[in-house]
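Here is a friendly briefing to read alongside the model. Keep the viewer open and follow the topics in turn.

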Amino acid sequence: MAGVAGPAAVLEVEGLCVELSIGGKPVRALNNISLTVRAGETLGLVGESGSGKSLTALAVAGLLPDNAKVIAGSIRLMGEPILGKSEAELRALRARSIALIFQNPTTYLNPLLTVGKQIAEIFDVNPRLLAADGERLSHRKCRQRAWRAAINYLRLVHIPDPERVARQYPFELSGGMQQRAVIAMALIRRPHLVIADEITTALDVTVQAQILRLLLELRQSTGMTLLLITHDMGIVAQLADNVAVMYSGSLVERSDVASLFKAARHPYSQALLEAVPTIHDGRTILRAIPGGIPSLTNPPPGCRFHPRCLRAVDECSRLKPEPISLGPSHSVACHLYQAGQPA
Amino acid sequence: MSEPPVIAVDGVTKHFPVRGGLFAAKAGSIKAVDGVGFDIQPGRTFGLVGESGCGKSTLAMLLVKLLEPTAGRISLDGESISDLKGRALKEFRRRVQLVFQDPYGSLDPRQRMLSALIEPLATLGLAASRADAVKKADEAFELVGLDAEILKRLPHELSGGQRQRVVIARALALAPRLMILDEPTSSVDVSVQAQILSLLERLKQSRGLTYLLISHNLVVVRYMSDVVAVMYLGKIVEMARSSALFAAPQHPYSVALISAIPVPDPESRKLAALARGDVPSPVNTPSGCRYHPRCPYAEGICRESEPALTEVRSGHFAACHFPGLATL
Amino acid sequence: MAGLIVFLSILVVGAVASHLIAGSVVRGVEFAAKLAPPDVHYWFGTDDYGRDLFSMVLLAANLDLMAALSIVAAAIVIGVLLGAVAGFVKRLDQPLMRVTDVFLSIPSLVLAMAIASVLGRSIANLSIALVFVWWPIYCRLMRGQVLSEKEKPYVKALTTLGVGRLRMIFRHIIPNAIFPVVARAAADVGLILITMAALSYIGFGPGPYVPEWGSLIAAGQAYIFQAPWLVVFPGAAIFLTSLSLNLVGDWARDAFDPRLRS
């Protein structure tokens, strides 16, 4: 994807390899992950448990757990390398450029502060967001503007009666409202990249639809760049421009969303699409994928998907497939394909 | 239609008192299930859909007698289940089995799988001897496609998919009349969900089972069910044959539920959020039609009077003053 | 951790081996060797009656450990049974808890002293007194565990599988709920040891011809400047034993939980 003209790349991950120390032993949790997210684009990162999608997000945000080590690769945000930065630099970077939204909003919100106060607090740390350039504000004026801004942001995420909600504590809000508040908090700093990790998994279906619509709307109004992590192919189809499919720590396929759904190449991507019966076209036959997700501590040799793959060949159990480009925006890591020639 | 239904639920209500104040006086009640009625025919899958707080889990517990209804009647094969004791109760337990939502939680963490399977056979008097029980356990494991080696393990040593199969095997070993499946795929990965669903379908065909499938996942319900009922805040708001319901839902809530599912087709971007606001809690149910605060079509009458579940088309029931107004 | 179990085993073995040492050493008097400092012949020295302190400390080890373990065992059995009943049978919960409250509201040493003084001076009576002090703690703990365990989904699942109440309590709930009680008990053995020694020291323990670490300290106290070894060695024994028991308790807690996975 190098050399393609268009919007600047907000996030560039190249050959990222991360090792986890589990029970004292090193485990390869991420293997040669490369992806690019351009400004204004939504990249859907799809995978099941153990795929490494959340770990990738944490790596990008510089929030890898203590037992994780990056052993190869690079991550660049707005052209600036992330790996190798100190904790203080990372914190500043996160404050300015990246916003993270996770699955469980309750763990994100301080239960002892009202929602409005928590949002207003963000302005305390970034007073420049409240004032025009050069303007100096008194402490009281700051607080007033911060509160009003907090209410405006609550309104932006379609929280009804924002003045009242701002005075409420997180436990008084439903899951959907909490998630909206977290989204509002994420957007205030106008980050370059928003990372949303399974943000609707814990919500009811009708509330999920509201949050997804909100994301669509915000995308249009703010042009935000979104790294959307999910296991739900439906969400990907509705929101993403490009898709990256992960399996057991490796990127198995990268493509624009239309090509993936029309003509997925990797057997795992295909299987994932066929594993969910679609609701709108009659009684589909469900094609189950045999076997289970491989353990990270004792993975299958070669391509990690090969024990479950119906089209596996000899090479699959011996050699790990490298990503091959099948077109300007489509790459796949599978021995069934040759470079440039779709099988 | 001469056979009696396996389960007949009639006007079943379950209220939980809410206590408050200084002396824990009764301050109100949670109407978890409020006047629910339906039949399940033998060999069919009845799907019950709803979001959190709709009462579907409470209904499941009422059907297995973990809770007793505040009002109404539940009958198994034509006979009321309300006053069962001793042997009759054990016989009932054998015939109606509930596969719980969280397979990990529903296994004793200290019990090995063989013991977990054998125990109910012993307590319900279904095995002549231990050897007989072990044989039945082996058979059940085979039916669900689990390796006999798993019998020696503890719950935390199994994957989510394996645990789900174990609890299904445990229920199957009793040769029940009705199997209630409460969110059978919520705790497993997508790639494993399909396996579990296929397994359940196969078992239904080969053993002539009857299922009550409870799920918030409409895709799963549609795939498996013959008849579907949509629940909202303790009431059934729509009930019809599966194909009819998904083709032409009559209640605005059903329409909202169905259109809320993100379609895995990028060419067809029609994600609709038709239900306004949040899923309410059953403590303060709205007046009139319970769905009216969220309904884009609500009128005055919806705030004042609660619509009854009426047959709006042949075999298709909806509880709405304006059925068919909302469309997909 | 393994090292501490080893230490404890040595202690126990030593205590058992002390049976081989003539018990008569306690009654033997040898004024010629009285208050002798530790040397090759008398490893721990002698007391004012000329008795070999080493033998007495070992004999006392046997006594103290056996007593402490029996106390804990008895307290667990009583506490767990009553706690499980209180947690499982709603009607009996309040009455049982009130009884427990009565015992818990009296300071432990006072309660022990009261009971011991009624029953008379002996190691057995002291042990009984301490059981009275300790069982309410385990009862409370067990009850709380049973209450929370009762609500778990597997209990509901087992009910639908025909498991009756009695079987549920004994085969499922108690084994799962008992764990914190056992962990606490393992740590308590050390505390009980110290309490016993303390009571013995103030005079509620067995008489002068029964070797017990606490009473050894009490007896040796009078000679603390002339013959400090009389206080040091029994004191060190108490300290080391209860320390190792605490560590064993920690280890047991971590090692025996089946739910702990990698």
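Of the 328 residues of chain B, 49% count as buried; a residue is buried if 20 or more other C-beta atoms lie within 10 Å of its own, exposed if 12 or fewer, and partly exposed in between, with C-beta atoms placed from the backbone. This is a predicted model, in which local features need pLDDT of at least 70 and side-chain atom pairs count only at pLDDT 80 or more, while totals for chains, interfaces and linings use all residues. Residues are numbered from 1 along each chain as its sequence is written, and chains are lettered from A and ligands numbered from 1 in the order in which they are written.

**Chain B as a whole**

- Chain B has 10 helices and 12 strands; helices (H or I, at least four residues) and strands (E, at least two) are DSSP runs, numbered from the N terminus.
- The radius of gyration of chain B is 21 Å, close to the 20 Å that the globule rule gives for 328 residues, so chain B is as compact as a globular protein of that length. This radius is taken over C-alpha atoms, and the globule rule is 2.2 Å times the number of residues to the power 0.38.
- The C-alpha trace of chain B spans about 65 × 60 × 50 Å along its principal axes.
- Among contacts in chain B with a separation of 6 or more, 65% are between residues 24 or more positions apart; two residues are in contact if their C-beta atoms, placed from the backbone, lie within 7 Å.

- B:Met61 sits in helix 1 (residues 56-63) of chain B and is buried, with 21 other C-beta atoms within 10 Å.
- Not counting residues up to four places away in sequence, B:Met61 touches B:Leu66 and B:Leu67.
- B:Met61 and B:Ile180 are 119 residues apart in sequence, yet their C-alpha atoms are 9.8 Å apart in space.
- Leaving aside neighbours within four places in sequence, B:Ile180 has contacts that include B:Ala60, B:Leu63, B:Val64 and B:Leu212.

**Nonpolar cores**

- The largest nonpolar core has 203 residues, and those that touch the most other members are A:Leu154, A:Ile195, A:Leu227, A:Val252, B:Ala169, B:Ile180 and B:Val230. Such a core is a set of buried Ala, Val, Leu, Ile, Met, Phe, Trp, Tyr and Cys residues joined through C-beta atoms within 7 Å.
- Helix 6 (residues 175-188) of chain A gives the most to this core, with 8 residues.
- Apart from it lies another core, of 64 residues, with C:Ala61, C:Ala68, C:Val133 and C:Ala219 among them.

**Where chains A and B touch**

- The contact takes 40 residues from chain A and 36 residues from chain B.
- On the side of chain B that touches chain A, the elements giving two or more residues are helix 6 (190-207), helix 7 (218-224) and helix 9 (252-260) of chain B.
- Helix 6 of chain B provides the largest share of that side, 8 residues.
- That side of chain B divides into 21 nonpolar, 9 polar and 6 charged residues. Here Ala, Val, Leu, Ile, Met, Phe, Trp, Tyr, Cys and Pro count as nonpolar, Asp, Glu, Lys and Arg as charged, and the others, Gly among them, as polar.
- In helix 10 (residues 267-274) of chain A, the residues A:Pro267, A:Tyr268, A:Ser269, A:Ala271 and A:Leu272 are buried. The buried residues of helix 10 of chain A pack against elements including strand 9 (242-247) of chain A and helix 6 of chain B.

**Chain A as a whole**

- Chain A has 10 helices and 12 strands, and buried residues make up 42% of its 343 residues.
- With 343 residues, a compact globule would have a radius of gyration near 20 Å, and the 21 Å of chain A agrees.
- The C-alpha atoms of chain A fill a box of roughly 70 × 50 × 45 Å along the principal axes.
- Chain A averages a pLDDT of 86, and 93% of the residues score at least 70; pLDDT is the predictor's confidence in each residue, from 0 to 100.

**Strand 3 of chain A**

- Among the elements of chain A, strand 3 (residues 42-46) has the highest mean pLDDT (95), and helix 2 (residues 87-97) the lowest (81).
- In strand 3 of chain A, 5 of the 5 residues are buried, so it is largely enclosed by the rest of the structure.
- A:Thr42, A:Gly44 and A:Val46 are buried on one side of strand 3 of chain A, and A:Leu43 and A:Leu45 on the other.
- Strand 3 of chain A runs parallel to strand 8 (residues 226-230) of chain A, joined by 5 bridges; two strands pair if DSSP finds at least two bridges between them.
- A:Leu43 has A:Leu227 as its bridge partner in strand 8 of chain A.
- Strand 3 of chain A also pairs with strand 9 of chain A in the parallel sense, over 4 bridges, and A:Leu45 stands opposite A:Ala244 there.
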